[in-house]
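Dear colleague,

I am handing over the structure below, together with notes on what was found in it. Please read the notes with the coordinates open beside them.

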Amino acid sequence: RRLTFDKLIIDMEAFELTVDGKKLSIPPKEMELLFHLASSPNRVYTRNQLLDEVWGFDYFGDTRTVDVHIKRLREKLEGVSEQWELKTVWSVGYKFEVKA
């Protein structure tokens, strides 16, 4: 329940996000979304998959919810590392891309 990438530590046990050596305060759903994406690097998830897997099957909100959370995560993570990024796959969804 702890993932480590270049300048990024996602620790679900302590519910802490460390970016470039600094601990960030982050809402629970953003943390869960980032952990979910980063758990399977380079795998593309549709918005509906993310809603089901992160928010739960009983969530009846709009898929735009995912877009808003991704946007907020990007604001916190943009430009931190050239080895990974939150990537949009147009007309499909999102992925946590790790570059070789």
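Leaving aside its neighbours within four places in sequence, Tyr 94 is in contact with Leu 37, Arg 43, Val 44, Tyr 45, Arg 47, Leu 50, Val 66, Asp 67, Ile 70, Arg 74, Lys 87 and Thr 88, where contact means heavy atoms within 4.5 Å. Tyr 94 belongs to strand E7, and its relative accessible area of 6% makes it buried; here buried stands for under 20% relative accessible area, exposed for over 50% and partly exposed for what lies in between, with a 1.4 Å probe and protein chains only. Between Tyr 94 and Trp 84 there are 13 Å in space, C-alpha to C-alpha, at a distance of ten residues in sequence.

Please keep in mind that this is a predicted model, in which local features need pLDDT of at least 70 and side-chain atom pairs count only at pLDDT 80 or more, while totals for chains, interfaces and linings use all residues. Residues are numbered from 1 along each chain as its sequence is written, and side-chain values use heavy atoms, with hydrogens and water left out.

As for the chain as a whole, it holds three helices and seven strands, these being DSSP runs numbered from the N terminus (helices H or I, at least four residues; strands E, at least two). Their order along the sequence is β-β-β-β-α-β-α-α-β-β. The radius of gyration of the chain is 13 Å, close to the 13 Å that the globule rule gives for 100 residues, so the chain is as compact as a globular protein of that length; the radius is taken over C-alpha atoms, and the rule is 2.2 Å times the number of residues to the power 0.38. The C-alpha trace spans about 35 × 30 × 20 Å along its principal axes, and buried residues make up 41% of the 100 residues. Of the contacts with a separation of 6 or more, 46% are accounted for by residues 24 or more positions apart.

Turning to helix H2 (residues 47-55), its buried residues are Leu 50, Leu 51, Val 54 and Trp 55. Seen down the axis of H2, these residues fall within an arc of 100 degrees, so they line one face of the helix, the arc being that of the directions from the helix axis to the C-beta atoms. The partners against which they pack are helix H1 (28-39), strand E5 (45-46), helix H3 (64-77) and strand E7 (93-98). Just after H2 comes Gly 56, with a positive phi of about 105 degrees.

How do H1 and H2 pack, in angle and in distance between their axes? The angle is about 115 degrees and the axes of H1 and H2 are 10 Å apart, where axes are lines fitted to C-alpha atoms, for helices over the stretch in contact, and angles run from 0 to 180 degrees between N-to-C directions. In this contact Lys 29, Glu 32, Leu 33, His 36 and Leu 37 of H1 meet Leu 50, Glu 53, Val 54 and Trp 55 of H2. The residues of the contact divide into five nonpolar, one polar and three charged, with Ala, Val, Leu, Ile, Met, Phe, Trp, Tyr, Cys and Pro counted as nonpolar, Asp, Glu, Lys and Arg as charged, and the others, Gly among them, as polar.

Two further residues of H1 may interest you. Met 31, found in helix H1, is buried at a relative accessible area of 0%, and, residues up to four places away in sequence not being counted, Met 31 touches Ile 10, Asp 11, Met 12, Phe 15, Glu 16, Leu 17 and Ile 26.

Finally, two residues other than glycine have a positive phi. Asp 20, with phi near 55 degrees, lies in the loop between strand E3 (16-19) and strand E4 (22-24) and is partly exposed, at a relative accessible area of 42%. Asn 42, with phi near 70 degrees, sits in the loop between H1 and E5 and is likewise partly exposed, at 38% relative accessibility.
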